[in-house]
Amino acid sequence: MNEENKNIAPLESAEKSDENGGEKHSREGEMEIPSTMPLLPVRDIVVFNYMIIPLFVGRDKSVQAIDAALNNNRYLLICTQKDEQTEDPGPDDIYQTGTVALIMRMLKMPDGRLKVLVQGISRARIKRFVKTDPLDVVEVEVVKDKVFSEPTSESEALLRAAREQSEKILSLRGIDAAEIMAVLNTVDDPGRLADLVASNLRMKPAEAQKILECDDPLLRLKMVNEQLIKEVEVASMQAKIQSMAKEGMDKAQREYFLREQLKAIRKELGDVSESGNDLDQLRQSLKKAGLPSRVMKEAEKQLQRLENMHPESAESTVVRTYLDWLIDIPWKKKTRDRLEIKEAEKILNEDHYDLEKVKERILEYLSVRKLNPKMKGPILCFVGPPGVGKTSLGQSIARSLNRRFVRMSLGGMRDEAEIRGHRRTYIGSMPGRIIQGMKEAGSINPVFMLDEIDKVGTDFRGDPSSALLEVLDPEQNFSFTDHYLNVPYDLSKAMFVCTANILDTIPSALLDRMEVIRIPGYTEQEKIKIARKYLLPRQITENGLTAKNVQINDAVIREIIRKYTREAGLRNLEREMGSVCRKIARQVAEGKKGPFRITKKGLGKMLGIPRFQDEDREKELPAGVAVGLAWTPYGGEILHVEVSLMPGRGKLILTGQMGDVMKESAQAALSYARSRAVKLGFDENLLDKRDIHIHVPAGATPKDGPSAGVTMVAALVSALADKSLPSDICMTGEITLRGRIMPVGGIKEKILAAVSSGIRSVIIPDSNKRDFDEIPAELRRNIKARSVENIDQIWPILGIEI
């Protein structure tokens, strides 16, 4: 059941009807309007005076209202519903002001509905509902316009504006405005013109209702003018959009015809490059690419699809791009390995100093490769602090093997599609970076470096580390499937080299597929040799100098290492040497002649105040302070543990951003001290009367791990015994409640940090002796290691009598 506006009669129809029959029906003063009449609620239209409109009536009450009107004087009140979804509107569901209309014609439809043609006669307001069943009958009060006085400049301006805006709208919509404007120009009454224009405007029912309820002709015309302005803006934008769309279509059609003509011209000239020949060239390229049979079958299928497509279609571009990828990716092409072991060793030694384990592993691979050409490529993972040469080592490996080198950074990667590619159903899809890297290499056996594998992330787009499981598994990567290619690709001939700073963040399943080689860092002597052989010559060249311009001895390099850099790697050392070379380059540019000899005294002018001093390590420690060693992803560090006693009730206070494991070590140290109070020589009740505060300086830096356990015990006993510990002895090790000292990791990095800080003696767990023995002999000569199995063994070393 619905009543809706269908085919609103044009303006001239309304006016002609008024001229012909208006004297009989629409003159408010010449024909009496009854005080009661049926009510016809309508959904989405507001009927104005002088408006002729067809309505479709289907609701029972509405049909009865039409019948009642036809049986009487043909008058009924048409009011708009407030909510068009309401099926059976009551008195509160309709606007109280409507239009008295006269039924001009009625026609019964085949579906049972009525089609009535009505004309608006006068505004009216509902005074009360006479009855509501079986139809709505209301008592009405005719709403007359305020008396319009003599025309004024304002009224004339409003009339002209309404006509001009109406003409603009008709013009923008492509409607012949001559006849309609002739009708509008004859209407001089503001109220009547407002009703006439409003009845043909596209407005929301609520906005049209406001205009209907206004009884001031000038104000009503102002409201109509506001709606006309809005309609002009909308019509202008609509015309602009249609014009742009038409221009785009015309351009596309023009380009198509020009292309067809160009093809015909080329064909006549014999310069044929039609799609048929293009497809033949594509077919020949696929045959030359050496595709495996399964891949070739898929390529032929896609080529057949391409033949049946229009060359200008979007899908043909997608298929063509896919076939181009299949052609460009290496399937059989490979470089010949350099299998001369001595030559490869020479190249490795030229590029990198030391790193014997890495070099040995590469030479082992070459040896086996020489004996077994069908062996699969290894999956190596270099782990170490920044700046130790992990990435450059991959380039050196590629040069020694005579292979091409591809580097792919995994840092911050969170999308699995970066590895496996996007499916071709997506716009702009492309293969993953593994396949892109193989295309870049141009061979199936490159050295493929996956940099920063420990920094791979995960989110709602997938887990890239899980996708890497197939890439880095020699038992699976011979048939790696990229989502874009959707055919297997053999990665087993490639040599994958990964780099990482730490192993903790690498998933165990992924770590299990890699052969881990640790590169812990360089000793001072190693740094001097590397700086002399690699860093200094490179900086001299980059800054436009010659070896004759710069004279710097090992003592000066050692001074830079000790006072301006403290790191496991070499990046800061190279930066400082670059800074020295730039200072010399400026002097050369100013016309000064060399050679320029760099001395220890002159370093301060070139590099500024030393960043690190030997005084950083306290010469004498107060009671309650012990020196420990810590491992970080960036190398080793010395760590001071401070213990302070104060009156209290035995409360343990921990500060310095300690992690959970470190806090447990502090609790274990306190428990050990309580259980050994008598043996350690202090009152066992002392701890119950004192609060113990353990602090690890550099409070803004988070710290964790068990290796500070022995240091905390030493600092706590030192505070309880009120005896200071030697400042040139450091220690590391995990403790148990029974006093056992357990092994820890990162021994080489910790020893490097101790030597760099001028410490000459270190206490390590007995189980770490083998790690100490693997440290270069030069480093072992600079520090004395004392291995202990139990905490009681450290007191004589620290000079504490028990």
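Biologist: Which residues in α18 meet which residues in α20?

Modeller: In this predicted model, Lys 527, Ala 531, Leu 535, Leu 536, Arg 538, Gln 539 and Ile 540 of α18 are in contact with Leu 573, Glu 574, Met 577, Gly 578 and Cys 581 of α20. By class, the residues of this contact divide into seven nonpolar, two polar and three charged.

Biologist: What makes Gln 539 count as buried?

Modeller: Gln 539, which is found in helix α18, has a relative accessibility of 8%, and buried means under 20%, so the residue counts as buried. Leaving aside residues up to four places away in sequence, Gln 539 touches Glu 574, Met 577, Gly 578 and Cys 581.

Biologist: How do you know that the buried residues of α11 line one face of the helix?

Modeller: The buried residues of helix α11, which spans residues 341-351, are Ala 344, Ile 347 and Leu 348. Seen down the axis of α11, these buried residues fall within an arc of 100°, and therefore they line one face of the helix.

Biologist: What covers the buried residues of α11?

Modeller: The cover includes α12, residues 356-371, and α13, residues 390-401.

Definitions and conventions: Residues are numbered from 1 along each chain as its sequence is written. This is a predicted model: local features need pLDDT of at least 70, side-chain atom pairs count only at pLDDT 80 or more; totals for chains, interfaces and linings use all residues. Side-chain values use heavy atoms; hydrogens and water are left out. Contact means heavy atoms within 4.5 Å. Helices (H or I, at least four residues) and strands (E, at least two) are DSSP runs, numbered from the N terminus. Ala, Val, Leu, Ile, Met, Phe, Trp, Tyr, Cys and Pro count as nonpolar, Asp, Glu, Lys and Arg as charged, and the others, Gly among them, as polar. Buried means under 20% relative accessible area, exposed over 50%, partly exposed in between (1.4 Å probe, protein chains only). The arc is that of the directions from the helix axis to the C-beta atoms.
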